[in-house]
Amino acid sequence: MAAGEDASTEGDSPAAESAPATAAVAGPAARRLARQFNVPLDDIAGSGRSGQITAADVHAEAVRRQPGNGAASPTTAASHERAAESVGVRLGRPADDDGQPVINALVITPRALRVAAERGVDPASVTGSGRGGRIRERDILAASWSSQSATSSTGPEASRAGITRQQQAVAGSTPRSGNVRRTIARRMVASHQTTAPVTLTSRVDATNLVSLRKQFQAAAANDQDVVPSVSDLVVKLVAIALDRHPHLNARWEDEQIVELAEIRIGVAVDAEAGLLVPVLPDVRVMGVREIAAATRELIAKARAGKLSTADLQGGTFTVTNLGMYGIDAFTPIINPPEAAILGLGAIRREPVFAEGDRVVPREMMTLSLTFDHRIVDGAPAARFLQTLRTGLENPAAWLTA
């Protein structure tokens, strides 16, 4: 329901008429639930940010008003549950000491509640990571990936092994299955609906980067040695740049910006089942050979359908490379709830003017940075890109610092 539609119905609720000032600090879901339960909002003390009344607060007040200070008849409990479901929340109804079913008030932020409704995630099935077990937006987003198409198996053996339909699709038993494609589609649409994306592009001289990679190749003792790719080197340099510009290593949570301690970089992989983004652990503390080995392992697992849910969660920034397909620049889509994603274009040898107007051949590459303007403004994003460009043009100095 649009905000205008919600506001136009405020007069239908006795609660809204009695306390319009209080209703203003209640989220849309809380107001709708208050009308369903016929609970005046001015009787409720908000537990949300800045005293905002949440749906959980409305649930708790509705239960408190039942005879027995919290116990509810099966009929009343069922009506509460139906009302909660009407705004995207399903509540469990365990029994109290007397065997009477009661309503459990979910501890969930207003934004998490909205995102759960948008993505079809049942908050009652999510473990909250916030204070006191509060369910936050990131918990819903994390659950979304694994729950949207991973709720059933295709046979008894798969069930015993804990293999989901999602995992089987990725494994190739149903290549590029509809479930995986739908999951990707939902995530892409959700990115545009929940972020304010802006893309900056910058040309970078990658001559020294290419040269460094050749040095790793020359130093390899045999074919079994791990040789970092250009992408591996970029991932490490991105981590160094993020350490200097933590605003880009952040996310939007509970209507505020949260900067993250670890730098966990997702690497986009084109697998048979579709686009997957396995996540490297804290890249800041890894060497380039460690990054290369870990990336190869994740890519192999992605293409063999062996990625776990943990492999796909917890990213703070994403790097995607279409340069291998001859693409020079593009507009990568943010992987929510991350703040930004970096696209790597093709490296091409081009004539470049040097000092004294000399024309010299250089290896040139285009970077495409898409960032969420809710979290980062254009100038800080540009400064991050400028810092990264410096690192890419002087990789040896950065990597040995």
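Among contacts in the chain between residues at least 6 apart in sequence, 60% join residues at least 24 apart. Gln 256 belongs to strand S3, which covers residues 256–259. With a relative accessibility of 26%, Gln 256 counts as partly exposed.

The model is predicted. Its pLDDT averages 76 over the chain, and 69% of the residues score at least 70. For residues 68–75 the pLDDT is below 50, and this stretch has 14 contacts in the model beyond near neighbours in sequence. The pLDDT is also below 50 over residues 146–176, a stretch with 49 contacts beyond near neighbours in sequence.

The secondary structure consists of 16 helices and eleven strands. The chain has 401 residues, of which 47% count as buried. Its accessible surface comes to about 19,000 Å², and carbon and sulfur atoms account for 50% of that area.

The largest nonpolar core contains 52 residues. Within this core, the residues that touch the most other members are Val 238, Phe 317, Leu 342, Leu 367, Leu 388 and Leu 392. The most is given to this core by helix H13 (residues 230–244), which supplies nine residues. The contacts of Phe 317, not counting residues up to four places away in sequence, include Val 238, Leu 242 and Leu 248. Phe 317 also touches Ile 341, Leu 342, Leu 369 and Phe 384, as well as Arg 264 and Glu 338. Another core lies apart from the largest one and has 23 residues, among them Ala 29, Ala 30, Ile 108 and Ile 135.

Helix H4 spans residues 28–37, and its buried residues include Ala 29 and Ala 30. Arg 31, Leu 33, Ala 34 and Phe 37 are likewise buried in H4. Just after this helix, Asn 38 takes a positive phi of about 60°. In helix H14, which covers residues 288–303, is found Thr 295. Thr 295 counts as buried because its relative accessible area is 6%, under the 20% limit. Leaving aside neighbours within four places in sequence, Thr 295 is in contact with Asp 232, Val 267 and Leu 280.

Two loops between strands were also examined. The loop between strand S8 (317–321) and strand S9 (340–344) holds Tyr 325. Tyr 325 has a relative accessible area of 51% and is therefore exposed, the limit being over 50%. Together with Met 324 and Ile 327, Tyr 325 makes a nonpolar surface patch of about 330 Å². Pro 337 is found in the loop between S8 and S9 as well. The peptide bond leading from Pro 336 to Pro 337 is cis, with omega near 10°.

Asp 357 lies in the loop between strand S10 (348–353) and strand S11 (359–372). This residue has a positive phi of about 60° although it is not a glycine. Most residues other than glycine have a negative phi, and most peptide bonds are trans. Asp 357 is exposed, since its relative accessible area is 63%.

Technical notes
Residues are numbered from 1 along each chain as its sequence is written. This is a predicted model: local features need pLDDT of at least 70, side-chain atom pairs count only at pLDDT 80 or more; totals for chains, interfaces and linings use all residues. Side-chain values use heavy atoms; hydrogens and water are left out. Patches are made of residues with over 30% relative accessible area and no salt bridge: like charges are joined within 9 Å, nonpolar side chains (Val, Leu, Ile, Met, Phe, Trp, Tyr) within 5 Å. Accessible areas come from the Shrake-Rupley method with a 1.4 Å probe; for residues, only the protein chains shown count as cover. A salt bridge is a side-chain nitrogen of Lys or Arg within 4 Å of a carboxyl oxygen of Asp or Glu. Helices (H or I, at least four residues) and strands (E, at least two) are DSSP runs, numbered from the N terminus. Buried means under 20% relative accessible area, exposed over 50%, partly exposed in between (1.4 Å probe, protein chains only). pLDDT is the predictor's confidence in each residue, from 0 to 100. Contact means heavy atoms within 4.5 Å. A nonpolar core is a set of buried Ala, Val, Leu, Ile, Met, Phe, Trp, Tyr and Cys residues joined through side-chain atoms within 4.5 Å.
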